[in-house]
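Colleague: I would like to learn how to read sheets and helix packing from a set of coordinates. Could we go through one case together?

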2 protein chains.
Amino acid sequence: MAKDGAGGRARPGRAPAPAGRRSRPRQAEVAELAGVSQATVSLVLSGRDDATGRAISQETRRKVMDAARSLGYVPDPAASRLAAARNNLLGVFSFTATFPTDVRHSYYPFLVGVEQESAAQGYDLVLFTGSSTGGAGAGESSALHRVRLADGCLFLGRHAPTDELGRLVADGFPVVHLGRRVEPEGLAWVGADYISASRDVVTALAGLGHRRVLLVREDDDAPASTDRERGFREGLRAAGLPDGPGAVCRSGDPGREITAERVRQWLDEGVTAFVAEETDTGAAWRALRAAVDKAGARCPGDVSLALLGSPPADLAGEPPPLGFDIPRPELGAEAVRLLSALISGEPAEKKLVTCTFRPGRTAGPPPARPAAT
Amino acid sequence: MAKDGAGGRARPGRAPAPAGRRSRPRQAEVAELAGVSQATVSLVLSGRDDATGRAISQETRRKVMDAARSLGYVPDPAASRLAAARNNLLGVFSFTATFPTDVRHSYYPFLVGVEQESAAQGYDLVLFTGSSTGGAGAGESSALHRVRLADGCLFLGRHAPTDELGRLVADGFPVVHLGRRVEPEGLAWVGADYISASRDVVTALAGLGHRRVLLVREDDDAPASTDRERGFREGLRAAGLPDGPGAVCRSGDPGREITAERVRQWLDEGVTAFVAEETDTGAAWRALRAAVDKAGARCPGDVSLALLGSPPADLAGEPPPLGFDIPRPELGAEAVRLLSALISGEPAEKKLVTCTFRPGRTAGPPPARPAAT
DNA sequence: CGCATTACCTAATACGCATTAACCAGCCGG
DNA sequence: CCGGCTGGTTAATGCGTATTAGGTAATGCG
């Protein structure tokens, strides 16, 4: 393919050029064909002429458009972005080994919202995995620096090293974390308001007449868990219900599983409603359901159940539990909005997104009298 | 263009040092810190020094690396690409409105493979979304040209406009389509070998003794569908079974649904095995299962069922159907390999990936005698 | 008629990086 | 002492586009 035939523009050493793509017309060639300057072509094609008060005559505009069309001109995004000094790229750094592979993975719905909002804002997404060696990067030491290639970056996962994030933040690089996080000072984040959502669930149970409610949570001190417990306790107190150590059961440990016997015992003690925390796998909810079932208690009748979150996907067929839904896609979208604001230089700190209450069908009034022994 | 103070960049005024607002460090700043020239920085960081016979002293190299690391330097992909080089970015263009939102979406597993293989090859991924406006451009393509920012691009979805893809291919831009596709001449693709996989399923059924097998497919002429039908018919012929228009039922139209009565009628006609095509939603398979069930036929005993693909995720609990699994992650990985080859200038055309046969538990020998009326 | 105003358009330059010709120091063989 | 090295670095340039500071002809105004 003759590379310097028409344009007479021989490139310097281009020996190992993998693809002969010098046939692609540039604005200069459009300009030549239209008999105008390259700048005019840029003005016309970017539509920035009348916007800024600059005027391009209809005649010229038409000539340029025709020339561009006949040459099949397509702008080079690399050049555009270089000249515009921003590349319209948002990074997404997930500390999972790969894409959230498991369909049940709780990150996946986030990504949906992230993707939609990014598109709406005109950004493309760069996916960074924790591993990628890159090769071309300068600081191999931490893959995290690679995110600077984007205009800003979103972080998923609680394993983000605090100091690294702090470094990015300190440098003024726009960063948003998906999920509440306090560690690096000044880090922007979006999170779900588990506290008030959990409180509302307890309030609903109390409103139905329940006086003894038990929270089953995992033995983990992630913010997502502690927030739920806090909301739970707030709900108890607001309803004037007993809020002692006995109101919460930390499960998950071997030997401390939720068994039918324990459920039966709790029932005997007067507990009429159970609240389970949502986890990635839905383990707590599954265990609770199974144990209640095995104990011979029927759900809305003998005992009420609630789930602080959404049920796992494979239980979609079952009657929906009382609880709340985390608007994950909305969270993702909100994170992008925050990031976008940061990139534009606007200050942005954090954002709590409200969960939606789900009445469900697993809760009703407590039985008239607890089954006596 | 808003030149909003904080987030905006240094203006053409060419302020030598971005004293106030920190912008991303460039090679020039690394060079200054290291006490060398920008060119040296480029040479060191690209690792192209000793490769081309040029030598950089270890001393200088170390200084540059240290400076780069301490500044957190990361190359600007747009600039790299513009300078006729590569930026280690692979594009993924999905014509779905968003990320494959539904967890059942068949594209999602592809992405897993894509992501893994990209990471293995040292590429980062850029997700190009179908919508974003991306500049007025030269009239025609609104969004597709953006992919040129990357070194190459992967396309998902059957809605890719042929002419646009053709344009990219003609320009020598490395493009790989996920899924068999003939339309733009010279387009590279990877696809699953539905033909032989489907044939093998029929062969298996014939081997069990079935003489009348019916294919239920949707009324769609996508390659994925026609390939399956072709393989199905090949299987029939190879087994010496009747292969007429009656062997295939195009479903999906309202009024042509798979009902219990139709199933019963087919059974009466001597059909002993049904084969369903896999679709995004698994509709055909669901309908078939439901109809057979309602018709009172038990699956492995009275009638055999097969699925040309994988069952939908929410039926994962059920006994696996006879059929085959599409190695979607493997397909994605293969696509990346192909793309990588194209980028390196190696010729690459297409690649068929073999599906894995799944014996399943929904097929057995036909009943001794079809239930007589 | 001369000068200020428009209305249009162009020249020039920057964007950040890769590439290459040129340069410089030392050093060896003759 | 010179030509020819070789190793090590830099100045200079180009990639294709966006942007801005002019510039020129046509028009308006006094």
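**Reading a sheet and a helix pair**

Modeller: Start with one residue pair: Val216(B) has Ala276(B) of β8(B) as its bridge partner. Keep in mind that this is a predicted model.

Colleague: How many bridges join β6 to β8 of chain B, and do the strands run parallel or antiparallel?

Modeller: Strand β6 (residues 213-218) and strand β8 (residues 273-277) of chain B run parallel and are joined by four bridges.

Colleague: What packs on the sheet there?

Modeller: Helix α10 (residues 283-294) of chain B does, touching β6, β7, β8 and β9 (304-308) of chain B. The direction of α10 makes about 155 degrees with that of β8(B).

Colleague: What is the strand order of the sheet?

Modeller: In chain B the order is β7-β6-β8-β9-β10-β12, an open sheet of six strands with mixed pairing. The edges are β7 (248-251) and β12 (356-358) of chain B; each has a single partner strand, so one side of each lacks a neighbour in the sheet. On average, neighbouring strands are turned by 20 degrees against each other, direction ignored.

Colleague: Now the helix pair. At what angle do α1 and α3 of chain A pack?

Modeller: Helix α1 (residues 27-34) and helix α3 (residues 58-71) of chain A pack at about 120 degrees, with axes 8 Å apart. The two helices, α1(A) and α3(A), are therefore oblique to each other. The crossing of α1(A) past α3(A) is right-handed.

Colleague: Which residues make the contact?

Modeller: From α1(A), Glu29(A), Val30(A), Leu33(A) and Ala34(A); from α3(A), Lys63(A), Val64(A), Ala67(A), Ala68(A) and Leu71(A). Seven of the residues in this contact are nonpolar, two are charged and none is polar.

Terms used:
Residues are numbered from 1 along each chain as its sequence is written. Chains are lettered from A and ligands numbered from 1 in the order in which they are written. This is a predicted model: local features need pLDDT of at least 70, side-chain atom pairs count only at pLDDT 80 or more; totals for chains, interfaces and linings use all residues. Axes are lines fitted to C-alpha atoms, for helices over the stretch in contact, and angles run from 0 to 180 degrees between N-to-C directions. Angles under 35 degrees count as roughly parallel, over 145 as roughly antiparallel, 65 to 115 as roughly perpendicular and the rest as oblique. A crossing is left-handed if the near helix is turned anticlockwise from the far one by less than a right angle, and right-handed if clockwise. Two residues are in contact if their C-beta atoms, placed from the backbone, lie within 7 Å. Ala, Val, Leu, Ile, Met, Phe, Trp, Tyr, Cys and Pro count as nonpolar, Asp, Glu, Lys and Arg as charged, and the others, Gly among them, as polar. Two strands pair if DSSP finds at least two bridges between them.
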